[in-house]
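Dear colleague,

I am passing on a structure for you to look through, together with my notes on what was found in it. Please keep the sequence and the 3D view open beside this message as you read.

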Amino acid sequence: MTEKTTAELEKLRGLIDGVDNQLLHLLRKRLDLVAQVGAVKHAAGLPIYAPAREAAMLGKRREEAQAMGVNPQLIEDVLRRLMRESYLSEKDVGFKQIKPDLGQIVIIGGKGQLGRLFAQMFSLSGYRVQILDKDDWQVADSLFAGAGLVLVTVPIGSTCELIRSRLGSLPKDCVLADLTSIKEAPLNAMLDTHSGPVVGLHPMFGPDVGSLAKQVVVVCHGRGQTQYQWLLEQIGIWGARLVEAEAVRHDKAMQLVQAMRHFSSFVYGLNLCREQADIDSLLEFSSPIYRLELAMVGRLFAQDPQLYADIIFAQQGSLEVIADYLDNYREALALLQAGDRQGFISRFNEVASWFGDYAAQFQRESRAMLQSVNDMKTG
Ligand SMILES: C=C(O[C@@H]1C=C(C(=O)O)C=C[C@H]1O)C(=O)O
């Protein structure tokens, strides 16, 4: 580099540093304003997450960006990231309490990660929360006596038995709910055991989400909805979207969404391990999509094997779904072994037309994800 080039670059870089510093001050200012919005909303009992306001704001900013010769997607990306930060600030002020006259909330399995998250959310909403863990059964009766909600969040394998053997004498008006990732059997166990209001819930997220904004919670109605409507509204205040489903339909969907998916990730990991793959060099050669895939597989093994065993072993039906997967794998492998390129292409087209418009939609969505994976590279 010539001296002139060096001097020019240094000058421009100094100006960029200045702009970035101004951005930082603007971010600080925005965070403060959002905190004020949070306080006003909290006082009025409104959820922080306001999708209509977000859509209107993004629309306006995109138009303004276009007019200024800035890529509209750039401002949208930046604002979406900022809005995520806004949801986190909600924890500082807490949440509106939908049912102040409820007795205490007893969370069975409240020391588990998901139990802890729900305990925190209820506490931030002003409820009195009691945790009942494995070794606390001697105090169960006194906890249940004043309970307005008993929430079961123990491993799937022990959920039904625990409900049937331990929850037969809850107060009549107490809401009984569970967070298990299958719904039919626990819901039936709750309905058989407790004569009061019953609802099955399945949070479709792990305990590491920073905020419940935009997360999905599946709701399977049991009985006495008017008596547990407050709970659904409370979860809505936390920003989650409630999706109602029949328990049987939910469980069927989970065979593909959870059991088959996690199982194939498990086998993928098992295979890398047995092949003694060198992760460092795989990453070195990897494109963003491979890195993303490896991250999705690898994150499994940072978590509790019991949890994944629970999910995969929960339903007999998952076995058939997974066996079908193996059949399809074998069939596709046979094409490869036979060098049947045309056969592969025709299966490919069959699947592509089955995906239909979703294929293009998924390509668009994944493009943004892949770009952020690429952005995160440091080397
Ligand atoms: C700050 C607000 O709350 C949330 C955060 C927003 C933001 O960061 O701009 C926008 C809408 C809401 O989801 C608001 O409603 O204005």
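Predicted model: local features only at pLDDT ≥ 70, side-chain atom pairs only at ≥ 80, totals over all residues.

Is Arg61 buried, exposed or something in between? Arg61 has 16 other C-beta atoms within 10 Å, so it counts as partly exposed, given that a residue needs 20 or more to be buried and 12 or fewer to be exposed. If its neighbours within four places in sequence are set aside, Arg61 is in contact with Ile75 and Leu79. Glu76 lies 15 residues from Arg61 in sequence, and the two C-alpha atoms are 7.6 Å apart in space.

The ligand is surrounded by Val34, Val37, Ile48, Tyr49, Ala50, Arg53, Glu54, Leu82, Met83 and Ser86. Two or more residues of this shell are given by each of α1 (3-44), α2 (51-67) and α3 (72-93), and the largest share, three residues, comes from α3.

UniProt, in an unreviewed entry, lists residues 3-94 as "domain: Chorismate mutase". That span is 88% helix and 0% strand, and its end C-alpha atoms lie 57 Å apart.

Over residues 103-366 the chain is 58% helix and 14% strand, with the end C-alpha atoms 46 Å apart.

Some of the pairings can be followed residue by residue. Strand β4 (residues 175-178) runs parallel to β5 and is joined to it by three bridges, and Leu176 has Val198 as its bridge partner in β5. Strand β6 (residues 216-223) is likewise parallel to β7, with four bridges joining them, and here Val216 has Arg241 as its bridge partner in β7.

Strand β5 (residues 198-203) is mostly covered, since six of its six residues are buried. In a regular strand the side chains alternate between the two faces of the sheet. In β5, Val198, Gly200 and His202 point one way, while Val199, Leu201 and Pro203 point the other way, and all of these are buried.

Leu149 has its place in strand β3 (residues 147-152). With 25 C-beta neighbours inside 10 Å, Leu149 counts as buried. Not counting residues up to four places away in sequence, Leu149 touches Leu102, Ile105, Cys174, Val175, Ala177 and Leu231. Phe118 is 31 residues from Leu149 along the chain, and the C-alpha atoms of the two are separated by 12 Å.

**Two loop residues with a positive phi**

Most residues other than glycine have a negative phi, and two residues are worth a look with that in mind. Lys214 is found in the loop between β5 and β6 and has a positive phi of about 70 degrees although it is not a glycine. Lys214 has 15 C-beta neighbours inside 10 Å and so counts as partly exposed. Gln276 is found in the loop between α9 (247-274) and α10 (279-285), and its phi, near 50 degrees, is again a positive value in a residue other than glycine. With 6 C-beta neighbours inside 10 Å, Gln276 counts as exposed.

**The protein as a whole**

The secondary structure of the protein comes to 15 helices and seven strands, and its C-alpha trace spans about 85 × 65 × 35 Å along the principal axes. Of the 379 residues, 23% count as buried. Among the contacts with a separation of 6 or more, 70% are between residues 24 or more positions apart.

With best wishes

Technical notes:
Residues numbered from 1 in each chain as written. Contact = placed C-beta atoms within 7 Å. Near = placed C-beta within 6 Å. Pairing = 2+ DSSP bridges. UniProt positions renumbered as here; feature names shortened; annotations may be inferred.
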